[in-house]
Amino acid sequence: MKDLITKLPKAELHLHIEGSLEPELMFSLAQKNTISLPYKTIEEVKQAYNFTSLQSFLDIYYAGANVLINESDFFDLTWAYLLRCHAQNICHTEIFFDPQTHTSRGIAFKTVIDGITKALQKGEQELGISSFLIMCFLRHLSEENAFETLKASLPFKDKIIGVGLDSSEVGHPPSKFQRLFVECKKVGYKIVAHAGEEGDSSYIWEAINLLQVERIDHGIRCDEDESLVKLLIEKQIPLTVCPLSNVKLRAVKNMQEHNILKLLRQGVLVTVNSDDPAYFGGYVNENYEAICDNLDLSKEELKTLASNSFKASFLSDERKKHFINQISQY
Ligand code: HPA
Ligand code: ZN
């Protein structure tokens, strides 16, 4: 299985670029930019990654992002992630970034997006990895702040394929941003949203009905509501599931109890992703390995998950077919 996981071409559809900041890079950027970190050693950083909830993670994740200052920092961050993709046979990736995490510290939108997109271009040219960029709004901030961020994105619209919604879920339902997402749709952005990670199934309903999402990020709490699962199957609305993240943040008790295989067998278009790999103990392949080790997944089901990652992507039908055809030959 491990060999097949490595060899299969895969797409990643749920990756926060700030969440790919490995402790080693965090330390070297902190030193270069003279930012003080609350940790003395890399070992100490790793010990702090003992999360009890989404919020306990977010507090550390936002603190870590403080070391990102210059365009070259965003470039280095993204390039390091792309090298990991290359090593894991990830041929296509759709990357989230959180502009508000940086603009709130006085970093220009342009600095962030130029650094990331220069690395993505190099990744396409030198590693053959295609990519899209998805701008996420922080849902714990105001609607007004999100509208300002949408406006700031417009000069870079050609570099952004879509918008998403992340950060602290409970208490910040999709309905809070309904008007914003109507505007985003007018701009031509594709729409996704985190829903049903810690929030209940009503958050997923709202993301579908009020935000008109094309994919749900996480969405694992859908199985609380049979009629919702039925809709996801009927409309083939993809879920970008992140198994290691779910266990680390205690959205799921342990990997044996993860519902990804159950949903797959019911006909839900589930995909496997890493979310914040530097914080949750693994990139895409480690997520596949974790479910294979703990759930009774067949080789055919593994191939279906890899095919789903392309099917659920924003690639052209032609590119999707190309990869899905490759997978079928294993
Ligand atoms: N959920 C919400 N916000 C996030 C996450 C997540 O899993 N990762 C980074 N920001
Ligand atoms: Zn996420």
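**Around the ligand**

Trainee: Which side chain has an N or O atom 2.7 Å from an oxygen atom of ligand 1?
Mentor: That is D275, in a polar contact, meaning a pair of N or O atoms within 3.5 Å. Bear in mind that this is a predicted model, where local features need pLDDT of at least 70, side-chain atom pairs count only at pLDDT 80 or more, and totals for chains, interfaces and linings use all residues. Side-chain values use heavy atoms, without hydrogens and water, residues are numbered from 1 along each chain as its sequence is written, and chains are lettered from A and ligands numbered from 1 in the order in which they are written.

Trainee: And what lies by the nitrogen atoms of ligand 1?
Mentor: A side-chain N or O atom of E197 is 2.7 Å from a nitrogen atom of the ligand, while a backbone N or O atom of S167 lies 2.8 Å from a nitrogen atom.

Trainee: How much of ligand 1 does the protein cover?
Mentor: The protein covers 100% of the 260 Å² of accessible area that ligand 1 has on its own, by the Shrake-Rupley method with a 1.4 Å probe.

Trainee: Switching topic, what are the spans of the C-alpha trace?
Mentor: Along its principal axes, the trace of the protein chain spans about 50 × 45 × 40 Å. The chain has 17 helices and eight strands, which are DSSP runs (helices H or I, at least four residues; strands E, at least two), numbered from the N terminus.

Trainee: Which helix gives the largest share of the shell around ligand 1?
Mentor: Helix α4, residues 54–65, supplies four residues of that shell.

Notes:
A polar contact is a pair of N or O atoms within 3.5 Å; within protein, one must be able to donate a hydrogen and the other to accept it, and residues adjacent in sequence count only if both atoms are side-chain atoms.
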